[in-house]
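This briefing concerns a predicted model. Please examine the sequence and the structure below before turning to the notes.

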Amino acid sequence: MSGVPPVLNRRRLLGFGGFLLVIAAAPLVVSHGYALSLFCQIGVMTVFALSYNMLLGQTGLLSFGHAVYFGMGALGTIHALNAVSAGARWFPVTLLPLAGGAAGLLLGLVLGAVTVRRAGTTFAMISLGIGEMVAASSLMFPAVFGGEGGVSGNRVTGQGWFGVTYGPQLQVYYLIAGWAFVATVAMYALTQTPLGRVANAVRDNPERAQFLGYNPQRVRFLMVALGGFFAGIAGGLSALNYEIVTAEALSAHTSGAVLLMAYVGGAGTFYGPILGAAIITVMQVVVAGITKAWPFYFGLFFLVIVLYAPGGVAGVLQLHLRARRAGMLRRLAPAYLAGAGPVALLVGGTVTLVELAYAVVNRVEEGTARLRLPGLVLDSRTAPPWIGAAAAVLVGALLLRVVWKRISGRWAEIHAALAAEGRS
Amino acid sequence: MEFLLITLLNGVTYGLLLFMLSSGLTLIFSMMGILNFAHASFYMLGAYLAFQVGARLGFWPALLVAPLLVGALGAAVERLGVRKAHRFGHVAELLFTFGLSFLVEELVQLVWGKAAVDYRVPPSLDGAAFTLFRTSFPLYKGFMMAVSLAMLLGLYLAITRTRVGLVIRASLTRPEMVQALGHDVPRVFTLVFGSGAALAALAGVIAGNAYVTEPGMAAAMGPIVFVVVVVGGLGSLGGAFLASLLIGVLQTFMVASDFSVVDLARRLGLGVPDAPALARLSLTQLAPIMPYLLMVAVLIFRPRGLMGARET
């Protein structure tokens, strides 16, 4: 062993350099206003989801109330912004998310002290209760929370520096991207500190960590507080992005959304939540634009991930990378090709069924019962489309069962080969 | 006195309703370690199915049919979903039920629309049961109480006096041993999960028309039931009963009175011209967060809950 490994090794340089390149170049590649606001949203959610994963992935704390830190951070930032606008205080707008971080940290210190006694299911329940409490009290103090209408602000104050006023969305994007990069690096660095490592130990086996002399409650408390800090920064970024904060920001709905992002992306890896934030935000914006049924697809997608890919997207990716490194990815190709047909049938049939159902329900509102697809019009009042779609689902599911056996057989071979390689 | 008695009766009715939900949740939790997020969804489904079945067959058949349907659905969910998620641990199970609750809400909106449905108290139960001083107590509230008490008694007898109840109690503490003695423990799990769902649905049937049947009812009820379970002590049926009544009565009293700290100060003869917003909040305004405040207080002063055996 040659002492401490270098902080900037090749993998990290490549990973974070690539990340920086992507976020810096994204608005240059697609500069459409719609895409830009989508990127801004992804940036905010990236920080939020990563902060959530400090609890779920790294400390093993499943929280259903993480939005309170996000909401508090957003409120802290918007109030600070309004104080700056009114000339009461001088503070650069660029650093305002720090006000959000401070608010989140403060709340994390307070709530963390009450909630971290136990991990697991108990923590989940308590975090839900605390989240509901904060959300319910938001309507009681309109001076702080803004009541029904929320608190709004104006991020353009004063002359700005060198033309940076944060008026144009592009400048806000780079503000968010810069903060997202810094926060991501900071959160990654945290995983490498002794605290981050002990948090992993507490997640895996709290008793053993305690035997080694660490206090699991204290470790959880610190992680909750720090998670609150980064969630607060994310909230601050969202406040600057939208220039309005409503009670929605700290609702159970937002807590659920961040949980979905971290889990769908993959809580087991550091970069998983980034993928999750991107995938789910795109789904929310793009799919919601296409169909009214998007929350339904969303729920289905989540259940499929929970039941069949508990490692999330990143977990699946990781698995295939390992197979590729061993040069065995090619063995999977035929089985995957065979699976494509059944999957297409299953997905197509399900989507058609759901859309038909929505067409029936919305018939009254929109005066149409027809489902228009490119080159095809399905009438939801007649039986054939329903029967066809149901048949597609059934046949797809049956075929997939057969193909699945082949795929899992291949994977068994690969795992066996990898294990043998590891031993030799 | 009049206000006190009527509010107490209303509070007990609400508390018993909470217990119908929390008893199933507690049983499922202490047996399988699953915090069933979809529990309140079963409650909502019960109300909607009762509305649907009731429109065809009338209220009384619906009272029986809706819980049975939802119970079967619950058993199917356990068999096909929860058991599968179990392989990946408790977090996956919890998230599965979380996703399910999301899907159920969407499904309900899809089938019955976003607005509240017109699910009414049957005419035979409409009217006053008795009059206390000048306020009449609705007959339907009395019916709700009777159903919950009957269910409570039934649950108690089923758990303590029947063979199945014996196996359930044994599986609570020593599932491996029960399995070794030749009982099908997974089937017992399915049974408990299904029965819990049926109980929740029964609560939905009798509460849906007394309150309101709308897609948000599960999301409104779910967190409160969780709080009841935490306050009572995880896995303790007696604790859940006590906490249900406590929260039910307390919340009903708070909703019914618009007293605030400022009022109290005035009563004591203190003038408070510019009191802070916190002091001016009335009890009614504080009612929605009361269960959560109670939960935090219990967590700080008695972490294992009112009657929990172990520390939560």
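At what angle do helix H1 (residues 2-32) of chain B and helix H8 (residues 185-208) of chain B pack, and how far apart are their axes? The angle is about 165°, and the axes lie 8 Å apart. H1(B) is therefore roughly antiparallel to H8(B), an angle over 145 degrees being the criterion for that class.

**Packing of H1(B) against H8(B)**

- The two helices, H1(B) and H8(B), cross in a left-handed sense.
- From H1(B), the contact draws on Leu17(B), Met20(B), Leu21(B), Ser23(B), Gly24(B), Leu25(B), Leu27(B), Ile28(B), Met31(B) and Met32(B).
- From H8(B), the partners are Phe189(B), Val192(B), Phe193(B), Gly196(B), Leu199(B), Ala200(B), Leu202(B), Ala203(B) and Ala207(B).
- By class, the residues of this contact of H1(B) with H8(B) comprise 16 nonpolar, three polar and no charged.

**Contact between the chains**

- Chain B contributes 36 residues to the contact between the chains, and chain A contributes 33 residues.
- On the side of chain B that touches chain A, at least two residues each come from helix H3 (59-86), helix H4 (90-112), helix H9 (217-232) and helix H14 (290-301) of chain B.
- H4(B) provides the largest share of that side, twelve residues.
- The side of chain B that touches chain A is made up of 28 nonpolar, six polar and two charged residues.

**Helix H13 of chain A**

- Helix H13 (residues 294-308) of chain A consists of 15 residues.
- From its first C-alpha to its last, H13(A) reaches 21 Å, close to the 21 Å expected at 1.5 Å a residue.
- Phe296(A), Phe298(A), Gly299(A), Phe302(A), Ile305(A) and Val306(A) are the buried residues of H13(A).

**Two loop residues of chain A**

- Glu243(A) sits in the loop between helix H10 (216-242) and strand S2 (244-245) of chain A.
- Glu243(A) has a positive phi, near 60°, although the residue is other than glycine.
- Because 17 other C-beta atoms lie within 10 Å, Glu243(A) is partly exposed.
- Met328(A) belongs to the loop between helix H14 (312-325) and helix H15 (329-366) of chain A.
- Met328(A) also counts as partly exposed, with 17 C-beta neighbours inside 10 Å.
- Leaving aside residues up to four places away in sequence, Met328(A) touches Ala323(A), Ile414(A) and Ala417(A).
- Met328(A) and Glu413(A) are separated by 85 residues in sequence, while their C-alpha atoms are 9.5 Å apart in space.

Technical notes
Residues are numbered from 1 along each chain as its sequence is written. Chains are lettered from A and ligands numbered from 1 in the order in which they are written. This is a predicted model: local features need pLDDT of at least 70, side-chain atom pairs count only at pLDDT 80 or more; totals for chains, interfaces and linings use all residues. Two residues are in contact if their C-beta atoms, placed from the backbone, lie within 7 Å. Helices (H or I, at least four residues) and strands (E, at least two) are DSSP runs, numbered from the N terminus. Ala, Val, Leu, Ile, Met, Phe, Trp, Tyr, Cys and Pro count as nonpolar, Asp, Glu, Lys and Arg as charged, and the others, Gly among them, as polar. Axes are lines fitted to C-alpha atoms, for helices over the stretch in contact, and angles run from 0 to 180 degrees between N-to-C directions. Angles under 35 degrees count as roughly parallel, over 145 as roughly antiparallel, 65 to 115 as roughly perpendicular and the rest as oblique. A crossing is left-handed if the near helix is turned anticlockwise from the far one by less than a right angle, and right-handed if clockwise. The expected span of a helix is 1.5 Å times one less than its number of residues. A residue is buried if 20 or more other C-beta atoms lie within 10 Å of its own, exposed if 12 or fewer, and partly exposed in between; C-beta atoms are placed from the backbone.
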